[in-house]
Amino acid sequence: MRKLLIAIAAATLLSAPATGALKVGAKAPDFSTTGAVGGKEFKLHLAQELRHGPVVLYFFPKAFTSGCTAEAHAFSEAIGDFKKAGAEVIGMSADDLKTLHDFSSKECRSAFPVATATPEIQKEYDVAWAAHPGITTRTSYVIDKRGNVVMVHDDLDFSKHVARTLAAVKALK
């Protein structure tokens, strides 16, 4: 137990202050939605994904924009490290399914799935961008296998999301 608390504390120190409703220690809301991986449609159920290990759930504002494309490339380049640490990466945005099909193969390089953040999911994870309706904020959550949020990183600058979420996943071991 002590080791887990130290890991959670370390992951928390690595994250920027979050404005999202979900805080470290909160239970991540379960959801089902549709998405794409490698251009092929799939059904996503968070509880089912958590059976395999921790999940990095990263919300991004808009597919094919410069920051979101760079973030997708960074996650795809690091996907081997996430897998080695036992975690799955799932991108989430309010984009439509056709856009996510294209984005999953072109910019995510078929390395990980991206899924539709419905209005309900946006509300549950507090990622609806008030200033830009229909777009999510750039917020990353690391969720452990039990469904608890162990790290939150909420920052429009994508550059630290991959490193910080990977560090939090590694701290779980």
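Modeller: Let's begin at the N-terminal end of helix α4, which is capped by Asp96: a side-chain oxygen of Asp96 lies 3.2 Å from the backbone nitrogen of Lys98. That is a polar contact, a pair of N or O atoms within 3.5 Å; within protein, one must be able to donate a hydrogen and the other to accept it, and residues adjacent in sequence count only if both atoms are side-chain atoms. Please keep in mind that this is a predicted model, where local features need pLDDT of at least 70 and side-chain atom pairs count only at pLDDT 80 or more, while totals for chains, interfaces and linings use all residues. Residues are numbered from 1 along each chain as its sequence is written, and side-chain values use heavy atoms, with hydrogens and water left out.

Now step into the helix. Residues 97–106 make up α4, and His101 is found there. Helices (H or I, at least four residues) and strands (E, at least two) are DSSP runs, numbered from the N terminus. Why does His101 count as buried? Because its relative accessibility is 18%, and buried means under 20% relative accessible area, with exposed over 50% and partly exposed in between (1.4 Å probe, protein chains only). The buried residues of α4 also include Leu100, Phe103 and Ser104.

What covers these buried residues? The cover includes strands β1 (32–37), β2 (40–45), β4 (88–93) and β5 (114–116), together with helix α3 (66–84). For His101 itself, leaving aside neighbours within four places in sequence, the contacts (heavy atoms within 4.5 Å) are with Ala36, Gly39, Lys40 and Glu41.

Phe103 leads us on to the aromatic rings. Ring pairs link Phe103 with Tyr58, Phe60, Phe64, Phe75, Phe82 and Phe112 into a cluster. Rings of Phe, Tyr and Trp (its six-membered ring) pair if their centres lie within 6.5 Å; planes under 30 degrees apart count as stacked, over 60 as edge-to-face and the rest as tilted.

The protein chain has six helices and seven strands, and from the N terminus on its elements run α-β-β-α-β-α-β-α-β-α-β-β-α. Of its 173 residues, 50% count as buried. Among contacts between residues at least 6 apart in sequence, 69% join residues at least 24 apart.
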